[in-house]
Amino acid sequence: MDSAIIKTKLMSLIKQGLKISVSSDKLVLEGKLDVLDAQTKIFLTENKIQIINYIRERESGANQIIAKRNSIAKKNNLDEKLALSFSQQRLWFLDQLEGTSGQYNMAEAFHLTGELNHSALQQTLNEIVSRHEILRTTYHSTADGDGYQQVNPAQPINIITHSLLDLTEKEQIKAVKQRAEKEASQPFDLSQDLMIRVNLIELKTNEYVLLFTMHHIASDGWSMGVLVDEFSQLYMAYCQGDESSLEPLSIQYADFALWQRAWLKGDALAKQIDYWQQQLSGAPPIHSLPLDKPRPQKQSFSGAVYQQTLSSELSANLNQLSQAKEVTLFMTLQAAFAVLMSRYSGENDIVMGTPIANRPQAELAPLIGFFLNNLVLRSDLSAKLSFVDFLQQTKQTILEAFEHQHIPFEMLVDKLQPERTLNHSPLFQILFTLENNNAAELSLPDLELKYYPQAHQISKYDLTLCVEETASGLQTTWEYCTDLFNHNTIESMANHFAILLQSIVAAPNEKVSR
């Protein structure tokens, strides 16, 4: 198979959270193993030698700064003032500058049905906090005003309980919503709090809602998956009277922060910065989408969502088109979204961000922590290209961005020095992401656990489009800033996106301008 195709397919799998490495002439697969469908397994098997060679070339290349496996050293002294990662540093600085807020809270809720073992629940949560130092890490300032992190001893976590047994079902739904909203917006004190809060709401003697709230400085989307996986394994073990079966963590988040500071410098860093300086030279500092309301002087991050499900037939057609053109579904959808943004704004230079897991080494996969990085994708629609040709241009842009993904977004902003203002985020204000649907129901001893839907009240960007692949089709979630857009505008935008995608699969060789 052509090396470019292998590269594209591997990038797609990495984007979906699969970790692929080489050990003793064998492919090692870790992370999100649920992306390994039959077609992917065939691809990995039939192209094993080429994939191994490709990975080794990347690891040994002079211009690469992907460190090899097991290269992150374990720190020895927990009492020292440990350096912050670049991502942590930005959130700590914002907390110092703007004061505490719930802006960077990450909330998740679960519906529990069955006989809850309270002792096993407490034991499970205590073990998670004990395993992951980042959850019991606090943040402080040196005499010079620099931030550092301090790992604190493990202590039992306080599970905050609420009984709604005396309320009607309608009253319970309202009360759970209010409690969830309050928890999601309640600030963390970074200097003294645990970076996780747990609330247990009792609805009936065998029915509960479990609320998790974590600060982004200690967590990201991948981390939420780690939390759920460990919760299910530990709870099952403790219910049966067993010890934890989880493998001890070889490193902690603070080790990653120290390692990141050590290797992100020199010629390798210079090459990364040079690429982004060229790629983003002359880029518009802010999008030109028409707004329903005047942009406020300071972001409030007030948000809402609109959801729409695209048919399974359209999803299948988009996947078929992507395979025929040797691109990923992410590339096709991102190109289409760029076309939509161009049409709405009347501009040909479209800039948006996309999040990546940023866990290049296998030992980072089982950690809770803030690893997430943002890539900036810039689309040029000035040429009168067909959609197929624009898709190939998009493919090249995305592959190059992944090749230069190792510089933290916070450092990129610092190096590029865009005009800073409190009324919009730097470099991009529109975000696009494609995710797999991981909202699976978990069967635990005498207990069923499933995700509990929550209302979104925060929008970190002006507009975010999240697409999820589900059995019923593509689920699109449009998260938008309510200070800027009305609901009807976003609903129309979502409908136009669906029409655009239908037009693309019907006539992919048509000019984008048509």
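Modeller: The model is a predicted one, and the helix in question, α11, spans residues 329-345. Start with F330, which is buried because its relative accessibility is 6%. The whole structure holds 16 aromatic pairs. One of them joins F330 to F432 in a tilted arrangement, with 5.5 Å between the centres and 45° between the planes. This pair links distant parts of the chain, since F330 sits in α11 and F432 in strand β12 (residues 430-436), 102 residues apart. F432 has a relative accessible area of 0%, so F432 is buried too.

Further along, F337 pairs with W478 edge-to-face, at 5.9 Å centre to centre and 75° between the planes. F337 belongs to α11 and W478 to strand β16 (residues 473-481), so this pair ties together parts that are 141 residues apart in sequence. F337 is buried, with a relative accessible area of 0%, and W478 also counts as buried, at 0% relative accessibility.

A335 is in the helix as well. Its relative accessibility is 0%, and therefore A335 counts as buried. What does A335 touch, leaving out residues up to four places away in sequence? The contacts of A335 are F387, F390, L391 and T394. For F387, the C-alpha to C-alpha distance from A335 is 8.4 Å, although the two are 52 residues apart in sequence.

Methods. Residues are numbered from 1 along each chain as its sequence is written. This is a predicted model: local features need pLDDT of at least 70, side-chain atom pairs count only at pLDDT 80 or more; totals for chains, interfaces and linings use all residues. Side-chain values use heavy atoms; hydrogens and water are left out. Helices (H or I, at least four residues) and strands (E, at least two) are DSSP runs, numbered from the N terminus. Buried means under 20% relative accessible area, exposed over 50%, partly exposed in between (1.4 Å probe, protein chains only). Contact means heavy atoms within 4.5 Å. Rings of Phe, Tyr and Trp (its six-membered ring) pair if their centres lie within 6.5 Å; planes under 30 degrees apart count as stacked, over 60 as edge-to-face and the rest as tilted.
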